[in-house]
Structure formats: C-alpha cells, structure tokens
Amino acid sequence: MTLQEILQHRRAVRHYDREKPIETERVKECIRLATLAPTSSNMQLWEAYHIVSPEKLRVLGQACLGQDAATTAQQMVVFVVRPDLVKQRAQAALTHERANVERHSPTEKHASRIKRWEDYYGKIIPFLYARGCGLIGAFRKSMIQVAGLFRPVPRQVSEADMYTIMHKSCALAAQTFMLAMSEADYDTCPLEGFDSLRVKRILGLPRQAQINMIVSCGIRTPQGVWGDRFRIPFEETYHRVDGK
Ligand SMILES: Cc1cc2nc3c(=O)[nH]c(=O)nc-3n(C[C@H](O)[C@H](O)[C@H](O)COP(=O)(O)O)c2cc1C
C-alpha cells in the first residue's frame, strides 16, 4: 500500500472478528516501527505494553468501560509515558550523542560539541523535567517569564506542561504504530475511554506513569467501521500564512 492507501485504510474499528487471530510477532514488529517516531529532545519517555493474554485482555476490556472496540480485540497495546525515567533516558541520549560527535564531527570540534550535549542532557533536561508537587514547575515558569522579557524562550515549562510534552511524543508513537498496523492489513482503534487507575493496576505501573492511549487490535468485521468518515471541511483546518 502507498502511504495514501494506508491512511485511507486506517479507520477506528469498533468491532473485531473473533474468529480471525492476528500474529503477535507482526504486531510486535509494528511496535518496533513505532519507535522510529520522533520524540521531544529524543527523550523517548514512552513504553508500549503489548497485551496478548486472554485473561489480561478480558480485564483490560472491562477497564476500557466495556467498549466493543476493546472487548472484541485480539490484542491491545497500551502506550504509557514514564517521567520517572528521565535520568536513564537523558544518560542514554548523552552516551549516544557523545559517540555521534566522535564519529561525525571534525576532531577540533569534539570538545565543544560534547560539552554542549553534556550541558543539554546533564543540566537543561534534568532542570526542565524536575518535579515537586508543582512547585519546581512554578519556579521554572517564573524564571522563564523573566528571561522572556529579553529574548524568545520556551514557555511551556510547568510540570503539567512537561506531561503534555511527553504525551505529545507518545501519541506520535501510537499513530506510527497504527499506520504500521494498517500497512500490515491489521485494524486498530485508539482509545482514551478507560479507567486509568485500573489500567495502571492491571499492568503494575509505577505511580508517576500515565496512560497515553490504548490501541485495540484485530481484524475488522463488516460492521466494525461506523459508516463514512467525517472530517470538517479542509478550509476550516488549513490556514495559509503568506508573507504579509
Ligand atoms: C486520543 C483518541 C482517543 C479515542 N478514544 C476513543 C474511544 O475511547 N472509543 C472509541 O470508540 N473511539 C475512540 N477514538 C476514535 C475516534 O473517535 C476516531 O478516530 C474518530 O471518530 C475518527 O474516525 P476514524 O479514526 O475512523 O477516521 C479515539 C481517538 C483518539 C485519537
């Protein structure tokens, strides 16, 4: 399929064929492709939990408010954001970027470029992602307001903003996964109709983790797609910004 065909083929499927199983390894491969999605600062603060056990699918189906899109699913993938992994991810990114500089930069630039990465992943990122009952975020925000009087600054730095940043990146991974599934001729439905507390308990996730989206998977029945697709007129979405 071309990208256009993949995009047309992907629909939110609300009912899957229980008689048509899907291959676990193929779904896993689609999750692997989802890791190619971009993430903010390449922090990759997301994880995917691939649910294949019938018992776990049953309880997750209930936690998804009993929606058919969940209870008829052959498998599910839960996309999760993990603010508690900032330190590890920043360290991994720094290790990678150091080696990148050594491989690809002229020798005389090594020290300055490595120092830049060390400042970024060793100081700026830990500062931006630091959390403490909203107070650290409030402090960050006030610092930024002052700095913003003199130059352009990133203003989305509260603790809630940092969750938004993680969720944006995670949602890109979820979408990449759904497109990969569509290409494999498998169907999906993104879900946010779920009880996040129950889902976290089912998966044994730490307190700081948040569920981004659950994507149910299977093969559609003819009634699995609810009629024609609806999109508001493109002119309402598209705004061309010209020179003046
Ligand atoms: C973040 C997100 C959450 C969604 N949650 C649900 C849900 O809980 N239940 C459901 O039936 N559909 C859910 N949907 C599917 C949308 O309703 C669907 O994508 C939309 O109606 C457009 O249809 P299409 O995907 O077939 O183009 C969700 C979609 C997104 C992006």
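User: In which helix is Ser182 found?

Analyst: The model discussed here is predicted. Ser182 belongs to a helix that spans residues 159-183. That element is helix α8.

User: Does Ser182 count as buried or exposed?

Analyst: Leaving aside neighbours within four places in sequence, Ser182 is in contact with Met1, Ile6, His9 and Arg10. Its relative accessibility is 1%, and buried means under 20%. Ser182 therefore counts as buried.

User: Which polar backbone atom is 2.9 Å from an oxygen atom of the ligand?

Analyst: Arg10 is among the residues around the ligand, and a polar side-chain atom of Arg10 lies 3.1 Å from a ligand oxygen atom. For Arg14, a polar side-chain atom lies 2.9 Å from an oxygen atom of the ligand. The polar backbone atom at 2.9 Å from a ligand oxygen atom belongs to Gly193.

User: How many residues of the shell around the ligand are charged?

Analyst: The residues around the ligand include Arg11, Glu192, Arg229 and Arg231. The shell divides into 4 nonpolar and 2 polar residues, while the number of charged ones is 6.

User: How many residues of strand β2 are buried?

Analyst: In a regular strand, side chains alternate between the two faces of the sheet. On one side of β2, Gln75, Val77, Phe79 and Val81 are buried, and on the other Met76, Val78 and Val80 are buried as well. The buried count for β2 is thus 7 of its 7 residues.

User: Which residue in β4 is the bridge partner of Val77?

Analyst: Strand β2 runs antiparallel to β1, with 6 bridges joining them. Strand β2 is also joined to β4 by 7 bridges, again antiparallel. In β4, the bridge partner of Val77 is Val215.

Key:
Residues numbered from 1 in each chain as written. Predicted model: local features only at pLDDT ≥ 70, side-chain atom pairs only at ≥ 80, totals over all residues. Heavy atoms only, no water. Near = heavy atom within 4 Å. Polar contact = N/O pair within 3.5 Å; in protein donor to acceptor, adjacent residues only side chain to side chain. Nonpolar A, V, L, I, M, F, W, Y, C, P; charged D, E, K, R; others polar. Helix = DSSP H or I, 4+ residues; strand = E, 2+ residues; numbered from the N terminus. Buried < 20%, exposed > 50% of the residue type's maximum accessible area, 1.4 Å probe, protein only. Contact = heavy atoms within 4.5 Å. Pairing = 2+ DSSP bridges.
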